[in-house]
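This briefing is intended for a reader who has the sequence and the model at hand. Please consult both alongside the points set out here.

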Amino acid sequence: MLKLILPVLVILTAVRILPAQEQSHGKKLYKATRINEAPVINGILDEKLWEAGEWVDDFIQYEPYNGKAASQRTEFKILFDNDNLYAGIRAYDTSPDSIVRRLTRRDQADGDMLALIIDSFHDLRTGFTFGISAAGVKQDMIYTSDGQNQDNSWNPNWWAKTSMDNEGWTAEIKIPFNELRFDKSNGDVWGFQVARILYRKNETSLWQHIPKDSPGLIHMLGELTGLVEIKPRRVFDITPYGVARAEKFKAESANPFLEKGRRFGLGGGADAKIGITSNMTMDLTINPDFGQVEADPSVVNLTAYETFYKERRPFFIEGSNITSYNIGLGEGDIGNDNLFYSRRIGRQPQGRPELKDGWHADIPINTKILGAAKLTGKTGKGLSLGFVEAVTAAEKAEIDTVGGRIRQTVEPLTSYFIGRVQKDFREGKTILGGIFTGTNRDIDDRLAEFMHKSAYSGGIDFTQYTKGKNWMLNINTAFSHVSGTREAIQLTQKSPVRYFQRPDRKHNRYDPERASLAGTGGRIGIQKLNGHLLLLGSTMWRSPGFEINDLGYIQTADQIMSVLVAGYSEWEPRGIYRNYNFNADIWAVHNFAGQHLGTGIESYGSMGFKNYWNAWTGGNLSFSQLSPYILRGGPMMKIPGTINLRAGFTSDNRKKLNFSFYGSLSKGLEKDSRNLYSELKIDYRPVNYITLSFKPSFNSSFTELQYVTKLTKEEKDSYIFAGIDRKTISASFRVNVNLAPDLTLQYWGQPFVASGKYYDHKVITDPVAANFRDRFLTFTREQIRFDPGQGKYIVDTDLNGIPDFEFRNNNFIVREFLSNFVLRWEFNPGSALYLVWSQTRNYSDNSSDIRYFSDLGDLFNRDNDIPHNIFLIKFSYRFALK
């Protein structure tokens, strides 16, 4: 759940995309003043040059009481010279000792804040935001699509300082023109806004008033004039880096690659930012290193589908909103469907070496990125461009054959390309765009048996708003084409995404002679945007041959899903609440053969209270479904419906101690499953520069239908399932120490224990039987026995003494501890020093008996076990060449 009080940059995105109403305040103008001497940025405004120009102080509340006068006075002044824009802002406060000044990391600003939003394109759709907290912490971002989308990863090079006195606090800001994209055709008028957050009152006030029911954000900004005779500037920065790395791990005398228990290395590379034109920027990276990036959280995945992980690498995060092409619905599994999933670039090698007895291999953990280039920008005529090209190395596993060393390729040399184009018409009311992606591999015969030689995808998108932006029509279409050897395409057809080999499949049957596969996908939706009432209707489709997982992400194809949503929101404070909203939806899924796969309903509601607490609740009901996936290549099977209830709350986030809770309970309608999840988060700030966070969670579940294996006997396939009891306990602990706005210490640790115990093994007999219990045969004690010596189960269904099935024991317990310690010092904008320590402890067995705290203790108390430690020092320095 998002915090109740957010930096102004995030709060403003809550502006609703609703029809314009008549505004009594009108559009304001501010004329900037040219100066001949640059100020020293110290946050004091005591230089004589600040006497030039006009101070303006008429601010209006955005929330909580939209349209009323701000409770505290704010004034600002804008100056400029040939190279920079300067802002001086005075935030007066009748209770200066109540100003909240919390030191945090960049882009995580907390407390009282001031911000500028600048539409230098003056396209009424794009806003560059520069925020500074009272403690001097920067928060910058880019708004696109008239404020509907935001990119928090944008980190321009600019300067800001703050100071305190007995009348309030002051911010002094310097923004180089080469960080703002514009051209001569824009004239001397820019969109402009100044915003303030008064933290203790949760009050946001704006210079240019914006009603809460305004149709967007950026086109509602005021205007900044007087910027005469300035010229667009092109950035040209080069940032080389060097890194020293040391690893220590448990030595294995029998493995020549691990016998020393340590490894050392040196590396280096460079990043560059080059202004191709004044509004087109190219980012380059050569041999990038992401050692300072936090590890992915632990997870035990028992499904056939790939786990989706968020992108954490700075090069791929920044500007990701430009290259994203989402064709999913909502959040979660299908909400992640996208033609560009950047975690494919630099992924873990997909191949494995072929080893004989006594051989050992040193396999790369990740694929090395040789280099990547990214071109982004927007012309004065509304044409947005985003292109990414990345090349990853051919990774080889080094194999010790006892008699010598050989190498086998486990990931081929690969080129990845993404091109995204969008054009605005009619002041952004009509938007037409397209995307194209390509993956090409220099592949050898061994890898060609399971990897595509090439993969392409693309699409065209169209968005149309009505005149007052009361309604929006959006269409995203997509296509895909993959090619390779017959063996590779056979695996693609049999993959969990589509299961063409299903024996009851009537359309798009499995074809072992195929050398390529093509498909289409997309989403079409219409949405009512104005007023308190929300209406949405949308349909998403994936044809059976749709395949984008070489560079995109998709879990299932052969699917048509339709959803209808209705909701109501209230944002004016009354009674005990500040705001509330609730919505409900109904959805249905079919496949391309016209078979109805499932239907469900869902509801959600939330309320923000005047004491700054929040609460929410929701639930969903899915009816009996027809699943093409549960037998993993077998025929369709009817599975029972489920009911889910969930609820949570957050306390007042302004306090030093605050907490939140989330819980959910799901139950199968045939009493065949249950899932209980609970999560608590506690944040504590003992002083303004230290934040402690603790987030424990617990999950307990069971299901009667957990897939075990498929066994074939006398050309007949049998699908073995079992009941499973699962328990997971984990915790996330964070410590943030902010010694200065540009000097931070951060520690993150996560202990994780998960277990699974299989029982009541069964074989599927009639997967579509009307009665749930008639769909399978559960083995009796006489029919099944466990052989501990071989670690497997032996089944004799007819009790004739001849085994019918054999399969291994799948019980498990996983114990893992991950941690990262990072010291980051940005001693100059764009230049930084990192000290990093990462540790991994990982143990697993098939005992299945979880002992909670005892298991957590075992992570640190095992005799003769040495965790995997990585230490690195990374230094980068930015050279501004232009």
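The notes that follow cover surface patches, a side-chain contact and local backbone features.

The model is a predicted one. Its surface includes a negative patch formed by Glu354, Asp445, Glu449 and Glu487, as well as a nonpolar patch made up of Trp471, Ile526, Leu533 and Leu535. Positive phi values are found at valine 402 and at tyrosine 499.

**Surface patches**

- Glutamate 449, one of the residues of the negative patch, is located in the loop that runs between strand E26 (430-442) and strand E27 (454-465).
- The relative accessible area of glutamate 449 is 47%, so this residue is classed as partly exposed; the partly exposed class lies between the 20% limit for buried and the 50% limit for exposed residues.
- The four residues of the nonpolar patch, Trp471, Ile526, Leu533 and Leu535, together present about 330 Å² of accessible area.
- Leucine 535 belongs to strand E30, which spans residues 533-542.
- With a relative accessibility of 31%, leucine 535 is counted as partly exposed.

- Serine 480 is part of strand E28 (residues 471-483).
- Because its relative accessibility is 2%, serine 480 is counted as buried, the limit for that class being under 20%.
- The serine 480 side chain reaches the backbone nitrogen of glutamate 547 at 2.9 Å.

**Cis peptide bond**

- The peptide bond between glutamate 63 and proline 64 is cis, with an omega of about 10°.
- Proline 64 sits in the loop between strand E3 (60-63) and strand E4 (74-80).

**Positive phi in residues other than glycine**

- Valine 402 has a phi near 75°, a positive value in a residue that is not glycine.
- The loop between strand E23 (395-400) and strand E24 (405-411) contains valine 402.
- Valine 402 is counted as exposed because its relative accessibility is 65%, where the exposed class requires over 50%.
- Tyrosine 499 likewise is a residue other than glycine with positive phi, here near 50°.
- Tyrosine 499 lies in the loop that links helix H4 (486-494) to strand E29 (516-528).
- The relative accessible area of tyrosine 499 is 4%, and this residue is therefore buried.

Methods. Residues numbered from 1 in each chain as written. Predicted model: local features only at pLDDT ≥ 70, side-chain atom pairs only at ≥ 80, totals over all residues. Heavy atoms only, no water. Patch = residues over 30% accessible without salt bridge, like charges linked within 9 Å, V, L, I, M, F, W, Y side chains within 5 Å. Areas by Shrake-Rupley, 256 points an atom, 1.4 Å probe, with all protein chains shown as cover. Salt bridge = Lys/Arg side-chain N within 4 Å of Asp/Glu carboxyl O. Lys, Arg positive; Asp, Glu negative; His and termini not counted. Charge placed at Lys NZ, Arg CZ, Asp CG, Glu CD. Helix = DSSP H or I, 4+ residues; strand = E, 2+ residues; numbered from the N terminus. Buried < 20%, exposed > 50% of the residue type's maximum accessible area, 1.4 Å probe, protein only. Polar contact = N/O pair within 3.5 Å; in protein donor to acceptor, adjacent residues only side chain to side chain.
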